[in-house]
Amino acid sequence: MLHLTPMANRPKSAVRSTPDIEALYSKPLPSTRSGPLYNAFSYPTKISPEAIAVFIATHTRPGSKILDVFGGSGTTGLATLLCDKPTEAMIRMADELGVKPDWGPREAEVYELSTLGSFVAKVLCAPPDPAAFAKAAKRFVAVAEERFGWIYSAEGPDGQPGKIRYTIWSDVLSCHHCGAETSYWDAAVRRDPLCLSDSFECPDCGKDAQVDSCFRVSETYRDPLLGRSLERKKRVPVRIVGTSDAGNWSRDATIGDSETHSRVAGESLPSCAPVAEIEWGDLYRSGYHKGISHLHHFYTPRNFFAVSALWELVSEFPEDVRDALRLLVLSYNSTHSTLMTRVVIKQGMSDFVLTGAQSGVLYVSGLPVEKNVFDGVRRKASSLRKAFESVAGSRSSVRVTNASSESLDLGDESVDYAFTDPPFGDYIPYAEINQLNEFWLGHNTDRAREIIVSGAQGKSVNDYGRMMARVFSEVSRVLKPCGKATVVFHSAKASVWQALAEAYLSAGFSVRATSVLDKIQASFKQVVSTVSVKGDPLLLLVKGDPKGRSVPSSTAEEVADEILRNARTAESPERDPQRLYSRFVSRCLELGLSVHMGAKEFYGRAKTALQD
Ligand SMILES: C[S@@+](CC[C@H](N)C(=O)[O-])C[C@H]1O[C@@H](n2cnc3c(N)ncnc32)[C@H](O)[C@@H]1O
């Protein structure tokens, strides 16, 4: 699928030669969702830094300047650090791809609009001494538990003193026949096999009730932080999972558990606890977000107290580890501390599986989970330590700038190579999601400058394209004449692809090669051989028109048909419709054709073509 035009007589520079680059784009690039750096902080759509490092070290020589204009949580910065500390897995991956990276130190400029992303990037790319951090983090959690561990105290089934690992809460239903209240848990959960039933026998009237026809009960309560009465969804604790000297246990929730919880709710909060109104945007849903107007409504009172206590405690620690401790708290916060934490049913499992918040949305389930924040932060500390260790000692340097990339504070023709994954149209409203962590940092992202397609922000696909064009024009200005940019992008919408293409074309770029990036769950060891699915298109942009490209003789429809024809004899994953759509888009962009077919239309075509 690679279509490279000759790079005739390009000036000798920090940019590498064609054969390696050809090889680089000739196979899908595996990007694992594992490893200490990937797991250090959950940020939607991020790519593994190890995969990006292979790209950087294949495209450039040591000493080069690398740029990411949509830096997110800093993965390109981390990748630049890894270029001087390649892991065995990275070396193996390069071998498998048939490329010879030129490992060594480089300099990275990372631009990111969001307060959260740039904070994460800054801390991860300039980490504290890992051992000093680990020691501080251990004491940090120990002090928190010493002072406030009682908030998670609970008796085990035999009355022995214990500690809550997590509590499952439940919405409350009102029977559509008689109005009697039942927890969603009691109404829907069935065992052997574990499932959620659509109907139940009302314990009050004995009639058959449909879960979806029941009202979700609300209650009026006095919000102590806002000092007024508010309405919220009624939720009750239903299941306590804990541990005692005798081992782990689980049991139904009791009055005693509710009493402990009420006691915590009555405690006064540390002064750092943010009392902040949520800036709702595209993600608000009137059902499960009922009553969530402020940050603390995303938490149980107990977990809001726990996060506040940790946040306050940071200031008692030495200056050089404070930001790393803040990162530690935030890395757990919005993914595990809030009501967005859930239990899910997995095939073949006899009990619920505990999981964190769903990525990219602010979904609150009917069975939210309240995890023990102190336990979670303690566990997270060891993975953060490993992340710090994996980049410590690198001679590369990373500068993170918290600003919009529509204007870069960089000299003309000063950058050798850019690697970036822009926001994918309306796919993830980063500023809206990030606010759950940004309120703790005391400053939210400037949404006016966010590049996004958003009804709530009044930004159309044209606005998105215009802002994106400004960024690509800046990338073009700062890139050396022989510099290149790799862009990872995905959208199911033709209009978003067109906006992206117009943005880079207006900045004088053209597509020189394409490939796909496979985000896979496998461990890094398995990456290259793993049969993977989907794949985001990966575009290599160069300045100017590619030499030797003729006016396209085919149409987008013909390209689609050719790709589908070839797929009939291909092996999985090259028959996967999502993968084929990526291939289709990439091929159109290489040929300079407008992508006017969205994924839905393409999948329809694929269904027919692959069945014939
Ligand atoms: C797909 S994410 C990048 C993820 C990143 N690769 C990582 O490692 O986490 C796109 C990022 O673009 C950022 N962004 C949106 N508008 C921006 C702008 N005008 N300037 C700079 N960054 C922007 C978003 O905040 C988001 O973090």
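Okay, let's start with Ser170, which sits in strand β5, residues 161-174 (helices, H or I of at least four residues, and strands, E of at least two, are DSSP runs numbered from the N terminus). Keep in mind that this is a predicted model, where local features need pLDDT of at least 70, side-chain atom pairs count only at pLDDT 80 or more, and totals for chains, interfaces and linings use all residues. Residues are numbered from 1 along each chain as its sequence is written, and side-chain values use heavy atoms, with hydrogens and water left out.

So, is Ser170 buried or exposed? Ser170 counts as buried because its relative accessibility is 0% (buried is under 20% relative accessible area, exposed over 50%, partly exposed in between, with a 1.4 Å probe and protein chains only). Its side chain reaches two backbone nitrogens: Tyr184 at 3.1 Å and Trp185 at 3.0 Å.

Next up, helix α13, residues 430-441. Here 11 of the 12 residues are buried, so the rest of the structure largely encloses α13. Those buried residues pack against α6 (115-125), α10 (301-313) and α11 (319-337). Just after α13, Gly442 takes a positive phi of about 85°.

Last, the cores (sets of buried Ala, Val, Leu, Ile, Met, Phe, Trp, Tyr and Cys residues joined through side-chain atoms within 4.5 Å). The largest nonpolar core has 100 residues, and Leu325 is among those with the most contacts inside it. Apart from that one lies another core, of 56 residues, including Met467 and Leu593.

How values were computed:
Polar contact = N/O pair within 3.5 Å; in protein donor to acceptor, adjacent residues only side chain to side chain. Expected span 1.5 Å × (residues − 1). Contact = heavy atoms within 4.5 Å.
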